[in-house]
Amino acid sequence: MSAPPASPARPALVPVLIYLAMLVAVISSLGAPLVPAIAAANDVSVTSAQWALTITLVVGAVATPVIGRLGDGRHRRTVVLVVLTVVLLGNVLAALPLGLGWLVAGRGLQGLGLGLTPLAIATARTALTGERSRTTVAALSVTVAAGVGLGYPLTGAIAEVGGVHAAFWFGAGASVLALAAAALVYPPSPDVPPRRLDVAGAVLLGIALSTGLLALGEAGTWGWTSPSVLGLAAVAVLALAAWVCWQLRAAAPLVDLRLARGRVPATAHGAALLVGLANYLLLSSVPRLAQTPESSGYGFGTSIVVAGLVLLPFSVASFLASRVGRPLDRAAGPRVVLPVGALVLLLGTVLFGLVRDELWQLFVAMAVAGFGVGLTFAALPGLIVGAVPAGETGSAMSLNQVLRYVGFALGSALSATVLEALTPAGADLPPSSGYTALAAVGCAACLALAVLTALLPRRAGGPPPPAPSSPATSPASSAAE
């Protein structure tokens, strides 16, 4: 692949790439602490308002491989500008007081932005050279964690002062700045042949995820055995089966499921799904618990700002763990690091389930859980690299990223469903036992993760097998970590 060399005429490229990654992180963080306020502002249940978070993750799961494929070739710059424009439109729709439906639609458009970080990393690898390229890629990875930690309290403070819609106006302003900066600075795309886009695979995956999560999210309201829920579940199963069959047969699949064959790759992808699920069970429920009125007997009645700050230790600890996890992974291997990370995440989930009488205890629980998530995510890339041919690493990483987002969306939808199911008829708030039940579900996911990864072969994470003859993997897809 030929790529344009680094050019001194674009000294602002690195800060622009970092700003794009920061924007994606902040926009993705607009959901969790704002869910109770969105429910109040639109006079709907918290379960319905939860879609403001879930829809972004669902769209991100489908959009990340699609945007990565579209941005692989000579149209990368155009793809970045178009996606930023759509994200801007999504922010404006969410900011206007048009009702929950338009807000959720806007949040769905914002979900396309989750595919920008892999493109930014790919750009750093092709438009920069040497140490500058390596340090920028590392900085982009750090920015994702730091941006989420910054985004939670920042957007919470804006919403506290100006209301929920003010937070989305802030996102719109940040998107305008990103679009202008990218238009001025983003380099020409590499002159490589375009890659075929698997439209059928994207449509089938979107149908499977949206119908399945809609059935899960609304089952508590419509009834688990209602025709609507059963019909949606049937559509989801059929679409998922069709998607799997198509991905295994397509010449250029959206995500190559063939790379999940074998014990080690299957474990890595299953681990991404499980840790994503356990992760977002906490990220979705903790802000809601923190903002629950004290009159409930268990809530803390905090502001949106404080609810965002409760999530800050999670982001900080996750970032620190990723720094610790990589050298630990090189020394001990993923067979050790992954179960340890799962057990640390389990400890944080247990603390959330059993020790939440004081607000500071939520801070501690989230810090412990964040450290476990960081250790786990730090070890997964090494496990994948050691299990697939070198030429297929990017495709395997893309599959792992998709499953991670699917886990996020499942955790978000499931948190609302469990609390809704345990809320007594006629009551506005779930009982404290609802959060204990959520913690139990998270603990089960963590235990499954620990057992799954502890059974890895001793040589897991070693040198990758030789690459078979197959199409070269693009930088954009290899960046989807």
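How close do the axes of helix α5 and helix α6 come, and at what angle do they cross? This is a predicted model, in which local features need pLDDT of at least 70 and side-chain atom pairs count only at pLDDT 80 or more, while totals for chains, interfaces and linings use all residues. Residues are numbered from 1 along each chain as its sequence is written, and side-chain values use heavy atoms, with hydrogens and water left out.

Select residues 76–95 for α5 and residues 100–111 for α6: their axes come within 7 Å and cross at roughly 160°. Helices here are DSSP runs (H or I, at least four residues), numbered from the N terminus, and the axes are lines fitted to C-alpha atoms over the stretch in contact, with angles running from 0 to 180 degrees between N-to-C directions. The crossing therefore makes α5 roughly antiparallel to α6, a term for angles over 145 degrees. Next, show the side of α5 with V86, V87, L89, G90, N91, L93 and A94, which meets W102, L103, G106, L109 and Q110 of α6; contact means heavy atoms within 4.5 Å. By class, this contact has eight nonpolar, four polar and no charged residues, where Ala, Val, Leu, Ile, Met, Phe, Trp, Tyr, Cys and Pro count as nonpolar, Asp, Glu, Lys and Arg as charged, and the others, Gly among them, as polar.

From N91, move to G173, which is 82 residues away in sequence and 8.8 Å away in space, C-alpha to C-alpha. G173 is found in helix α9, residues 164–185, and counts as partly exposed because its relative accessibility is 41%; buried means under 20% relative accessible area, exposed over 50%, and partly exposed in between (1.4 Å probe, protein chains only).

The contact is made by residues including L13, V16 and Y19 of α1 and F170, A174 and S175 of α9, and by class it has 14 nonpolar, one polar and no charged residues.

For a last stop, select D43, in the loop between α2 (35–42) and α3 (46–49). D43 has a positive phi of about 55° although it is not a glycine, and D43 is exposed, with a relative accessible area of 72%. Most residues other than glycine have a negative phi.

Technical notes: Helices (H or I, at least four residues) and strands (E, at least two) are DSSP runs, numbered from the N terminus. Angles under 35 degrees count as roughly parallel, over 145 as roughly antiparallel, 65 to 115 as roughly perpendicular and the rest as oblique.
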